[in-house]
Each structure stands twice: as C-alpha cells, then as structure tokens.
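Please open the model in your viewer and keep the selection tool at hand. The tour goes from one selection to the next and says what is found at each stop.

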Amino acid sequence: MTLRVAVLMGGTSEERRVSLASGGAVCEALREKRHDVVVIDPATGVVPADAEAELAAEARRPGPPSAHELEDLASTALGPRIAEIPDLLDADLAFLALHGRGSEDGQLQAILDAAGVCYTGAGMLGSTIAFDKRVSKELLYRAGLCTPDWAPAGLSADGILAVLGLPVVVKPSGGGSTVGLSLVREEADLEPALELAARFGDDVLVESFVPGRELTVTILEGRALPAVEIVPGNEVYDYEAKYTAGMSEYLVPAPLEPVEAARLAELAVKVQETLRLGSYGRIDFRLDNRDGSFSCLEGNSLPGLTATSLVPKSAGAAGISFPELCERIALSALRGQTVFAAGA
C-alpha cells in the first residue's frame, strides 16, 4: 500500500536543526519504501522538492539556531494555519519529525486533532506530559517508578543546595536535545547553570545527578527493543556529544545481565504507559552504580531519527531497518486512528 505522507520538519524551536536532520532521514526512508512524500516546515509551509537540499544543509550547521534566527522563523510561522494546507489535509497521515516547543508539547497535536489529521507519535495529552519533565517526574513518582530526586520549582541556589546538595543536573523543564543542560559539581557553577536553563524556559528543573551508566530503551508498538548504552565523549550526554559524529560510543545491545535487561525493558514499557506516549517513544535511564537500580530520567514522545539517533540503533539491533522502522511508525499511527474511530 502506497501512502501519501506529509513529513513535518523544521519548526521554530531551538531543536530546529535536529528536526531537519530527522525529517530528511525519514523522507529518504519513506521514499525508499515507495511512499509519496511532501515536506512541510511549520515555519514556512510546503517545501518544494528542489529546496529540500537547502534544509539538509541547514541541518548540518553546528549547534542550535541563534536567538535572532529563531525570531525570524517565529515571524513567518504558520501556527494554527498549518491545518489549512491542502497537502497536509489530503495526506493519509502526518509524520511528525519535529522536536521542541510548539511542536512536541501538545500544541501542534491539538491543532491536528481539531483538523482531523492523523499523525505519528503521542497524542495531545501524552505530548504535553512528556514535554514537561517536572510533571513527568511527578507522575512517575506516584506510579512507584524510580526517578532522580528533584527540587521544588522556584527555589534559590541556596535552597537547591539545602535540598539536594551536589552534584545536580540543571535543565529546562520543557525541551529536549539537552539544550540548556548543565552538570553542576561546584557551588559557584550553580547560579550560571540556572541562568542558562532559564533562557530556554520559565521552569528550570534541578535534579540529583545519578552516578552510573546511561541507558535508553525504544518502545515500538508496545514492545521494548534492545537497550542502548551511551558512553558520551563529554562528561554528560549533551548537545555536542549527541549530534557530533564520533563524539560518543553506543553499545547495542547494552551489555547487561539477562535479568537486568528484562527488568529494564519492563520498566520502560511501564513508563511509556504511565506517560501516555502511544505506539512509539524512547525512555532514558541511569543505572545507579551505587545500588544497581534503574532511575528514569524522562520519556521522549518524538525521539530523534537522525543518523546518530538512538531509536534507529535500537531498531537495527532488533533486525528492523530504518526504512521499515519509519513505515511501521506510520502504519501504527493509521491503525491507532482506526481503533479510535471504531471506539468513538
């Protein structure tokens, strides 16, 4: 079956370039599977085929866009008008290769729901929950799932030190790709880290640093795929370590004892369900080297699909090629729409 797919990529968030890289890879994969693909950038509209190379070049630029670039993009953004684009309305589904505020936080999902457009990834509720890391942690805690201790919102640096001590991880509560994230080991570095994170959102999340191994699990159609262990080139798995080829090492499947691997997979599925992440997502963990426990850092409703992303690595370890992965994500969205319509 040939699908008409509108791939939404780019957007106006700090993660625009990551999104362009994800979207470009998805377009290539779906076309390899002989699906009809049109590209839509929420910042500008339908992208002509001969202009896709320009987006690919933009995706290769280092680091996130500057504040000035983001302002320019925001001035042309479609917002709710994206639902008026005929190429989107005529498509069988929208493949969301988007990341960041405005597109991964439930806003776009609400617009698409209202327009009756089928789309990949979590629905409005799951997207909103996963994007807000503070709300996610509260839900995980109430569900009895281990997550690092965190400080109440609005505490001063002194208050954070009194509650958590050091080291801590400081990051925006809403966002991804580790934009604005800092690992703080010295008291003098805490205030600058808080100021940096605040540049990317009003709510700054501060949580205890869990020493140990970094692991991530992809969930596809309710099943956990092989875990990936990340050995970052930097002290933490930051933006540079994530998106610079060769900066980090990935062990797939992660070298875990069978009992550990089974426990991690079970936890990942529970997190996916708790956060309402739908047919696919990625759950990030730390394996605490002090007691061997798994601690959930966050769930990702629209995980990256770039050449260096973790979901394709996990799928590959399960024998799923990248084109097959993208097709399965698309088909699962269509099945979910059918089930919803049947139950309505």
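**Paired charges**

Begin with Glu221, which is partly exposed at a relative accessible area of 31%, where partly exposed lies between buried, under 20%, and exposed, over 50% (1.4 Å probe, protein chains only). This is a predicted model, in which local features need pLDDT of at least 70 and side-chain atom pairs count only at pLDDT 80 or more, while totals for chains, interfaces and linings use all residues. Residues are numbered from 1 along each chain as its sequence is written, and side-chain values use heavy atoms, with hydrogens and water left out.

Arg335 sits in helix H13 (residues 322-343) and Glu221 in the loop between strands E8 (212-220) and E9 (223-224), 114 residues apart; helices (H or I, at least four residues) and strands (E, at least two) are DSSP runs, numbered from the N terminus. Arg335 is partly exposed, at 44% relative accessibility.

Next, select Arg134 and Asp203, another salt bridge, with the closest N and O atoms 2.9 Å apart. Arg134 belongs to helix H7 (residues 133-142) and Asp203 to the loop between H9 and strand E7 (204-208), so the pair ties together parts that are 69 residues apart in sequence. Arg134 is buried at 8% relative accessibility, whereas Asp203 is partly exposed at 27%.

Finish with Arg290 and Asp288, whose side chains form a salt bridge (2.8 Å, N to O); here Arg290 is exposed at 60%, while Asp288 is buried at 7%.

How values were computed. A salt bridge is a side-chain nitrogen of Lys or Arg within 4 Å of a carboxyl oxygen of Asp or Glu.
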